[in-house]
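Colleague: I've got this one open on my screen and I'd like to talk it through with you. Can we go piece by piece?

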Amino acid sequence: MKREISGIVEKMKPSGIRAFFDLVLGMKDVISLGVGEPDFVTPWQIREAGITSLEQGFTSYTSNKGLYKLRLSIAQYMKNRYGLVYSPDDEILITVGVSEAKDLAMRTILNPGDKVLVCSPSYVSYGPLVELAGGKPVYIDTRSSGFKLSPKALGKAIDKKTKALILNYPSNPTGVSYIRKELSEINRVLLKRNILCVSDEIYGDLSYDFEHTPFPVLSGAKENCIYLNGFSKSYAMTGWRVGYACGPKDIIAGMTKIHQYTIMCVPITSQMAAAEAIHTGRKSVEEMKREYKRRREFMCDGLTKLRLDYVMPQGAFYFFVSVKNTGMSSLKFAERLLKEEKVALVPGTAFGESFDDYVRISYASSYENLKESLIRIGSFLNRRKGRG
Amino acid sequence: MDEILEILENDGRTTAEEIAKMLKLKPEAVKKTIKNYEKEGVILKYKAVINREMVRDADAEARALIEVNIVPQKDVGFDKIAERIYSFPEVSSCYLISGTYDLLVIVEGRNIHEVSRFVAEKLSCLENVRGTVTHFLLRKYKENGVILKHKEVNKRIAISY
């Protein structure tokens, strides 16, 4: 007998590349360029703060909104770094990674049938989260504009049912980011058409070519924007699961309501460690950033020599590389590369069905691995050429 | 610090070509900069960091940290006497420090007796050396920023979004 479950969940497509992921996970000695997290371990002083908090007996719930001292630190950081004033009392919410924050944001702002614009290719969860919240994702294909959202394409995509835009920069999977002027143009369209901006800036600290501009600093944007960030990528704290949302009081209040019933609060150990990170971790962030930037240049040179096409990423730690010339679909390319050369990467279709001629390469890996994988991809491509 | 130095300090085997790629510079320019650093003595030498805990080396089985109290000399202060001390091949490191004594000297030898003999017969007898306190090293955990054990294995899952 087939049991009836939620129609929305039933309709959600399972990821088409799950089987590929399982293949990678079942294989030994793979060099992986398929990882969406830093290869650094959390800096020691942050880990130590987590340990100390356990020793001192901090094992209870915290306020639903998160530890006050962490919210205060985030407020101070936003003010000192970007001149943005958010009240730790009712404009900041600590969440289980940015993932939860995105879910809360969607569920808070959407009514059934509302549309949310998503730049494509995009991180995997945006569309499904919109659907789960009863909304409808509308994808804007950005490949003809260098994987950047153009104000024109944005304007065209907006209709009466459009409620929000999800922006993510620097972007996973493309690494592409925006300068202030480009963001201002997007902001102008959003304000004019009364569209909310949900800005996922988890890679904001990893911007290599220019200063990162948080969306809410733009003129008039703060009251119209839910700013999402977290500790995972900047401080190499993915497993701790700490993110946060800063936004207008009404929206943060709504998000907090859902959060208090579903999550209650973020684990206190992680919050204590995050508080340490924001106080003493900046030096580590800068060191890691310099290292990523060097790896980006290194990979850029290597991929160019392999005659692979890509748009130069300005941040995060990804290259979104075209494999069109090889004649293989993204999944075929990834599967064969894995089987023949034991190099793993993520097929482009993971980030949008129509990106079947792309793969995502992550350079959050050691030089040793990067060097070796470039050699292996090289021989993989050469063999193909020989045949062709 | 210049990023070229940062890279080389972390891995002295990184080639000028690789550094050039990382920093988007011309290989010739990187080579020239490195040559200059070598000439100026900013880069003194390239060597491997060996985990001596894992190598039984008959020549350096014993190590001691020695606090040395000295009488500074007129005009040259501590430098002259420090030079006399650090010139001994047995001395692997020598620092002038603030506090209750003046020089911290690290001495290596085949065994405890050899190190003791060096302290008793060479170091303590030097003119201007007022006294010494010897601490033998029992175990090394970390040296010059390097933790002396196997690298932390990366526990990330091999693929993720």
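This is a predicted model: local features need pLDDT of at least 70, side-chain atom pairs count only at pLDDT 80 or more; totals for chains, interfaces and linings use all residues.

Colleague: On the side of domain 1 of chain A that touches domain 2 of chain A, which element gives the largest share?

Modeller: The contact joins 32 residues of domain 1 of chain A to 34 residues of domain 2 of chain A. On the domain 1 side, two elements give two or more residues: helix H11 (282-305) and strand E10 (318-322) of chain A. By class, that side has 18 nonpolar, nine polar and five charged residues. The largest share, seven residues, comes from H11(A).

Colleague: Now chain B: which helix gives the most to the side of chain B that touches chain A?

Modeller: The contact between the chains takes 21 residues from chain A and 13 from chain B. The chain B side divides into six nonpolar, two polar and five charged residues. With three residues, the helix that gives the most to that side is H2 (residues 16-23) of chain B.

Colleague: How do H11(A) and H2(B) lie to each other, roughly parallel or roughly perpendicular?

Modeller: Their axes are 6 Å apart, at an angle of about 105°. Angles of 65 to 115 degrees count as roughly perpendicular. So H11(A) and H2(B) are roughly perpendicular.

Colleague: Which residues make that contact between H11(A) and H2(B)?

Modeller: By class, the contact of H11(A) with H2(B) has three nonpolar, no polar and four charged residues. From H11(A) come A:Arg294, A:Glu297, A:Phe298 and A:Asp301, and from H2(B) come B:Lys21, B:Met22 and B:Leu23.

Colleague: And H2(A) with H12(A), are they roughly parallel or roughly perpendicular?

Modeller: Helix H2 (residues 18-25) of chain A and helix H12 (residues 330-341) of chain A have axes that come within 11 Å and cross at roughly 10°. A:Phe20, A:Leu23 and A:Val24 of H2(A) meet A:Leu331, A:Ala334, A:Glu335 and A:Leu338 of H12(A). Angles under 35 degrees count as roughly parallel, so H2(A) and H12(A) are roughly parallel.

Colleague: How many residues of H5(A) are buried?

Modeller: H5 of chain A runs over residues 97-109, and its end C-alpha atoms are 19 Å apart, which agrees with the 18 Å its 13 residues should span. The buried ones include A:Glu100, A:Lys102, A:Asp103 and A:Arg107. H5(A) is largely enclosed by the rest of the structure, because the buried count among its 13 residues is twelve.

Colleague: Last one: is A:Tyr169 buried or exposed?

Modeller: A:Tyr169 sits in the loop between strand E5 (162-168) and helix H8 (180-193) of chain A. Leaving aside neighbours within four places in sequence, A:Tyr169 is in contact with A:Ser177, A:Tyr178 and A:Glu201. A residue needs 20 or more other C-beta atoms within 10 Å to count as buried. A:Tyr169 has 29 such neighbours inside 10 Å, so A:Tyr169 is buried.

Technical notes: Residues are numbered from 1 along each chain as its sequence is written. Chains are lettered from A and ligands numbered from 1 in the order in which they are written. Helices (H or I, at least four residues) and strands (E, at least two) are DSSP runs, numbered from the N terminus. The expected span of a helix is 1.5 Å times one less than its number of residues. Two residues are in contact if their C-beta atoms, placed from the backbone, lie within 7 Å. Ala, Val, Leu, Ile, Met, Phe, Trp, Tyr, Cys and Pro count as nonpolar, Asp, Glu, Lys and Arg as charged, and the others, Gly among them, as polar. Axes are lines fitted to C-alpha atoms, for helices over the stretch in contact, and angles run from 0 to 180 degrees between N-to-C directions. Angles under 35 degrees count as roughly parallel, over 145 as roughly antiparallel, 65 to 115 as roughly perpendicular and the rest as oblique.
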